[in-house]
Amino acid sequence: MAKVSFWGGVGTTGSSKVMVEEDGWRVLCDLGWDRPRSDLYHHPVDPRPGRELADRLRAGDAPWIPHLFREEAVVGTGLAGGSDGRTVLFITHAHVDHIGLIGWVDPVVPIYAAKETIAIRDALNAVGRAAQADPTFELIFAEKVMLEGERPYMLPMEAGRPLSFGPFTVTRYPVDHDVPGASGYIVESRGRRVAYTGDIRLHGRHTDWVKEFCHQARGAEVLAIEGTTLGAKSAETEDPVTEAHVDYVFGQILHNTRGLALMTLRPRNIERIEAFDRIARSYDRTILWSKEFAVFLKAYGIDAHMVTYSAGQLENIKASPNRYILQMWPKDIPWMMDLSLGPDSVFIHADGEPRLSSPAGRSLQRWLAQYHVPLRTIGSRGHGSPKAIHQIVEWIKPQVVYPIHTHAPELLEPSPPTIRIVPEYGRRYDV
Ligand SMILES: [Zn+2]
């Protein structure tokens, strides 16, 4: 009988890794960076450059899975490296906690993902090259981790078309999260099925995709579901703002703003970027992207005007502030001194850096107060509400559900006859 085990996302948000094994064959879903369980590494105490994976393995901060990583990446750890030809990897989406360690995977191990996920990982290479060539180019932590190791060789996987590997049949289905390419997988072996949601929500642009995934997974023996919001008590968690509402409010703010608009959002939230670009055009405004965003977006295939803060560009912005929106990266905030800002300007925080609760976010708020610029917060989360998570379990009605990617797995309470098991790290459970 197949066994399922969890090598991340156990008692923590992020870093889900779901492995299904049968007769010595392995299907692994996701291979992200783990929040350090050892507590040995906190920036600037980082794993040593070039040997990050081995250092994390030795500290207990990476999954101890044999025949997955390159031989040279696991030297000194005692873990068997190099493919055995019976291991395959599937990626749900291009966030660091799901894809962060794939630069260390043995090239003989196939890595499958949606073509959008591969395009994002490829575009990151352009970001990495730009950072090497320009010391003022700012990489965020997630990008640094995602660029570790060698450039991975990934294979595009069509949605809904089953793929055979050893005793397994694996099918990918698109789901909704705040990054393109987000997928759930169904792993079947000898007529028994393990379904894995990846990260998922019901308040985004593609709720129909989630419903279709649930339909396909209906009655699975095992469901592994993310539960990020379980246990988080806030109005926003209980009743999340939809992406459609974010778009609407963005338009309203532009409608009511006579001066310059500044904003921050997440570079890999491509659908929101495309929606904002459309809305900005309808208000006759051009978005000027930081070079960090512009390099990434261009490499992904999106036309992006870049902010240079050259004298000529600053003059243009000052002459017609209502024609522009400036996306600001944290290090660009001091340029606010050279822009004509005031109460008729606005700063739109649509998720992204800096987080308002961080020291940099508090500093941003002081800059805004200094120049009397109103702050509008209009984000939407990538993770379903506790109600949505329960609804998805109800739609799938698995025999057993394992809540992962959450601090509060015990708060998932499925209705009978579904049984909920809070998984232990690395323990193998019968499917
Ligand atoms: Zn995640």
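Modeller: Let's start with the domain contacts. 25 residues of domain 1 are in contact with 22 residues of domain 2. Keep in mind that this is a predicted model.

Biologist: Where does each domain run in the chain?

Modeller: Domain 1 takes in 3-232 + 383-430, and domain 2 is 241-377. Their C-alpha centres lie 32 Å apart.

Biologist: What area is buried between domain 1 and domain 2?

Modeller: About 2000 Å². Carbon and sulfur atoms give 57% of that.

Biologist: Which residues in domain 1 lose the most area to domain 2?

Modeller: Glu 138, Asp 178 and Arg 205. Together they account for 30% of what the domain 1 side buries.

Biologist: New topic. Which residues are the protein donors of the zinc ion?

Modeller: Asp 97 and Asp 199 each give an OD atom, while His 98 and His 405 each give NE2. These donors lie 2.1 to 2.2 Å from the zinc ion.

Biologist: How are the donor residues spaced in sequence?

Modeller: The pattern is D-H-x100-D-x205-H. Asp 97 lies in helix H2 (residues 96-99), and His 405 is in the loop between strand E18 (400-404) and strand E19 (419-420), so this pair ties together parts that are 308 residues apart in sequence.

Biologist: Are Asp 97 and His 405 buried or exposed?

Modeller: Asp 97 counts as buried because its relative accessibility is 15%, under the 20% cut-off. His 405 is buried too, with a relative accessible area of 3%.

Biologist: What about the geometry of the zinc site?

Modeller: The site is irregular. Angles among the 4 donor atoms are 90 to 169 degrees. A tetrahedral label needs all angles between 85 and 135 degrees.

Biologist: On to the sheet. What is the strand order?

Modeller: The order is E6-E5-E4-E3-E2-E1-E20. This is an open sheet of 7 strands with mixed pairing. Strand E6 (155-156) and strand E20 (429-430) are the edge strands, each pairing on one side only.

Biologist: How is E5 joined to E6?

Modeller: By 2 bridges, and the two strands run parallel. Strand E5 covers residues 111-113. Ala 113 has Pro 156 in E6 as its bridge partner.

Biologist: Last one. Where is Asp 55?

Modeller: Asp 55 sits in helix H1 (residues 52-59). Asp 55 is buried, at 5% relative accessible area. Leaving aside neighbours within four places in sequence, Asp 55 is in contact with Tyr 41, Pro 47 and Arg 48.

Key
Residues numbered from 1 in each chain as written. Predicted model: local features only at pLDDT ≥ 70, side-chain atom pairs only at ≥ 80, totals over all residues. Heavy atoms only, no water. Donors = N, O, S within 2.8 Å, 3.2 Å for Na, K, Ca; no water. Tetrahedral: all angles 85-135°; square planar, octahedral: opposite > 155°, others 65-115°. Helix = DSSP H or I, 4+ residues; strand = E, 2+ residues; numbered from the N terminus. Buried < 20%, exposed > 50% of the residue type's maximum accessible area, 1.4 Å probe, protein only. Pairing = 2+ DSSP bridges. Contact = heavy atoms within 4.5 Å. Domains from an automatic or database assignment. Buried area = accessible area lost by both parts, 1.4 Å probe.
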